[in-house]
Amino acid sequence: MIFAESALPGAFLVDLELLTDERGFFARSYCVDEFATQGLSTPLRQCSVSYNARKGTLRGLHYQAAPHEEHKLVRCTAGAVFDVIVDIRAASPTYRRWFGVELTFDNRRSLFIPPGFAHGFVSLTDHTEVYYMISAAYAPKFSRGFRWNDPAFAIEWPLPPAVISARDAAYPLVDAPGGG
């Protein structure tokens, strides 16, 4: 695997090192030892899949509050997404900054997201699937989020959402009363 730290410290792009032959290729997409070598030694305990039927489906911006913070390794296994993280670590020099990357079936790239980041994506094609490896079990009472179009983040989404859940559309703005 090839690791490259993103513009937001602690979050990494992970590319596959392909071993190719006449059959196609083989590659590791996760290895606890290789992650530990990068200082990313966290057990990933749960796997989840998100299927998105329509282009423009927006999910996020989500995170889990303490003590149920999550590390995530996110990969697009069908179609394409514009994947976004926002640094919500108040003491961080990159607080409220965002980073976005296209994750696609073709580029086979993953994004490693540590605790302290809100995460979301918009599907760029119909029939998109996203695969998550997560370090903690989902704890509904600790589930939190921010609105996808919060001016405090000024995320430059490549297209407006065509499908968004009522919950995601109703998340608070960071600077609103009761916001983050």
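Colleague: Is Cys31 buried or exposed?

Modeller: This is a predicted model, in which local features need pLDDT of at least 70, side-chain atom pairs count only at pLDDT 80 or more, and totals for chains, interfaces and linings use all residues. Residues are numbered from 1 along each chain as its sequence is written, and side-chain values use heavy atoms, without hydrogens and water. Buried means under 20% relative accessible area and exposed over 50%, with partly exposed in between (1.4 Å probe, protein chains only). Cys31 has a relative accessible area of 16%, so Cys31 is buried.

Colleague: How many disulfides does the count give?

Modeller: A disulfide is taken as a pair of cysteine sulfur atoms within 2.5 Å. For Cys31, the nearest cysteine sulfur, that of Cys47, is 15 Å away. The sulfur of Cys76 is 16 Å from the closest cysteine sulfur, again in Cys47, and therefore too far for a bond. The count of disulfides is zero.

Colleague: Which residue is the bridge partner of Cys76 in strand 12?

Modeller: Strands are DSSP runs (E, at least two residues), numbered from the N terminus, and two strands pair if DSSP finds at least two bridges between them. Strand 7 and strand 12 pair in the antiparallel sense over six bridges. In strand 12, the partner of Cys76 is Val130.

Colleague: Which strands stand at the edges of the open sheet?

Modeller: The open sheet has six strands in the order 1-2-10-7-12-5, with antiparallel pairing. An edge strand here has a single partner strand, so one side is left without a neighbour in the sheet; these are strand 1 (2-5) and strand 5 (46-52).

Technical notes:
Helices (H or I, at least four residues) and strands (E, at least two) are DSSP runs, numbered from the N terminus.
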